[in-house]
Amino acid sequence: MEIHRIHAAIGSRVRVAAAVAATLFVLQSTGCQQSQPAKTPADPNKNEGSATDFKTEPAVEAHLRWLARHQDPDGAWSPDHFDAQCANKGECAGAGYPEHKTGATGLAILAFLGAGHTERSTAEFTDAASKRVIKIADVVRNGLQWLRNQQNESGSFVESNNHKWGYNHGIATLAMCEACGLTRAPEYKDSAQKAVNALLAGQSHGNDDDKALAGWRYQPKGEMSDISVTGWCTIALVSAKSAGLNVSDKALDGAWKFVREVTEERNGQVGYTKREEAGQQVKAIGKNDTYKNHPSFAAIGMCVRALTQKNMKDPVLEKGALLLAGDPPAWDKVGKSNDYYYWYFGTLALNLYDSPDRGGGGESLKAWNEQLKRSLLDHQTNNRKRCDDGSWDSDDRWGYEGGRVSATALAGLAFETYYRYKNAPAAHR
Ligand SMILES: [Zn+2]
């Protein structure tokens, strides 16, 4: 049985939304705003020219099946030991670093939420590889419960001494905020608000002259910021705000000032931690230094800029879009151009900037999406008898870090970008 996709779930949510009085009561009682579907894959007119299309739907379903099959019994996704869940041992390669467990779990949950699945989903499927009947509601519920089990007194999903605190906590916070917005469940609202508070408390100090000039970094309360972690944390806060949670405007103002500080406005390039690095590649020697450089930071900078400033006429956004147009997704393992992280943020940036639903012309987005489909659809593992069916190989630029779980989640999220929900910052509003 195929996963009974989101259409029914979306339909029921729309019907629920019609009961205005009841909905308002629930909203007030939980303080968590319900999100409506931004658009659905069932509406071909809305898909036209603005994003991906029906060809990507089987790919999204298949990647969710793979993720569901490789969830740990306790609800987490393990970057390094996900293969312990394999139905056929030895068929799924691509271990990442264990320190990314919370972030990888957040990405996997986002992939389900992004397709409209919550703990109330009625979808289930008999897994062809393992022969197990998997209920999507259990997958989402257990994933979110695992995150809540990790949450400490300060609201953080990982301890502050985790080497990649900013990534792990930022992504997990985004997942909890989207769960809050989609379900209005009080337990998610409570967890998401605590997580937001920890994110706000962990914002970097900025420099001495301007305390608001701050984003986020690997460690909480740092003296510097980087655009990559800042991207995830900013998106999490914007999602939180959309879900009705309390978010300090000063924090988002700090992110805006930081992105402006590290952007070379002449060409739209963005530096990792400072403007002088704009256009330069961040390399991990011996790990990914032979990979092609992409304007990943320009894409993330576009997202932060668009979400905090909300001025789509900003000329820097146009320059960023030109950079992305000059380097669209291109699957080339030999040429070392594969980079799911860049492809995900590039898709998000162009959806925010160029989607016709948001006032854009749509041409840049359309061209990007054609290349995205060409790169990902033909290279997703497609063999229902194999355990790696539905996943993507993680030998890309950052695969040594996130492994097959993160690679597969990011690739699927790129395809989901055009119909994620209102509280998902990628969504059309
Ligand atoms: Zn497997």
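Why does Ser160 count as partly exposed? Ser160 has 15 C-beta neighbours inside 10 Å, so it counts as partly exposed; the label covers anything between buried (20 or more other C-beta atoms within 10 Å of the residue's own) and exposed (12 or fewer), with C-beta atoms placed from the backbone.

A word on the ground rules. This is a predicted model, where local features need pLDDT of at least 70, side-chain atom pairs count only at pLDDT 80 or more, and totals for chains, interfaces and linings use all residues. Residues are numbered from 1 along each chain as its sequence is written.

**The whole chain**

The protein chain comes to 15 helices and 4 strands. Both are DSSP runs numbered from the N terminus, helices being H or I with at least four residues and strands E with at least two. Of the 429 residues, 55% are buried. Take the contacts with a separation of 6 or more: 72% of them join residues 24 or more positions apart. A contact here means C-beta atoms, placed from the backbone, within 7 Å.

**Loop residues**

Back to Ser160, which sits in the loop between H6 and H7. Leaving out residues up to four places away in sequence, Ser160 touches Trp165 and Pro220. Gly202 is 42 residues from Ser160 in sequence, yet the two C-alpha atoms are 9.0 Å apart.

Two lysines in other loops have a positive phi. For Lys131, in the loop between strand S1 (124-126) and strand S2 (133-135), phi is about 65°. Lys131 counts as exposed because it has 8 C-beta neighbours inside 10 Å. Lys221 lies in the loop between H8 and H9, and its phi is near 55°. With 13 C-beta neighbours inside 10 Å, Lys221 counts as partly exposed.

**Two helix pairs**

Axes are lines fitted to C-alpha atoms over the stretch in contact, and angles run from 0 to 180 degrees between N-to-C directions.

| Helix pair | Angle | Axis distance |
|---|---|---|
| H5 (101-114) and H6 (136-150) | about 145° | 10 Å |
| H7 (165-183) and H8 | roughly 145° | within 9 Å |

H5 passes H6 in a left-handed crossing, and H7 passes H8 in a left-handed crossing too. Left-handed means that the near helix is turned anticlockwise from the far one by less than a right angle; clockwise would be right-handed.

On the H5 side, the contact residues include Ile109 and Phe112, while H6 brings, among others, Leu144 and Trp146. The H5 and H6 contact divides into 9 nonpolar, 4 polar and no charged residues. For this count, Ala, Val, Leu, Ile, Met, Phe, Trp, Tyr, Cys and Pro are nonpolar, Asp, Glu, Lys and Arg are charged, and the others, Gly among them, are polar.

H7 meets H8 through residues including Met176 and Cys177 of H7 and Tyr188 and Lys189 of H8. That contact divides into 11 nonpolar, 5 polar and 1 charged.

Helix H10 (residues 249-262) has 14 residues and reaches 20 Å between its first and last C-alpha, close to the 20 Å expected. The expected span is 1.5 Å times one less than the number of residues. Trp256 and Phe258 are among the buried residues of H10, and these buried residues pack against elements including helix H9 (227-242) and helix H11 (296-309).

Helix H15 (residues 399-416) has 18 residues, but its end C-alpha atoms are only 21 Å apart, short of the 26 Å that a straight helix would reach. H15 bends by about 70° at Val405, the bend being the angle between axes fitted to the seven residues ending there and the seven starting there. H15 is also mostly covered, with 17 of its 18 residues buried.

Conventions
Contact = placed C-beta atoms within 7 Å.
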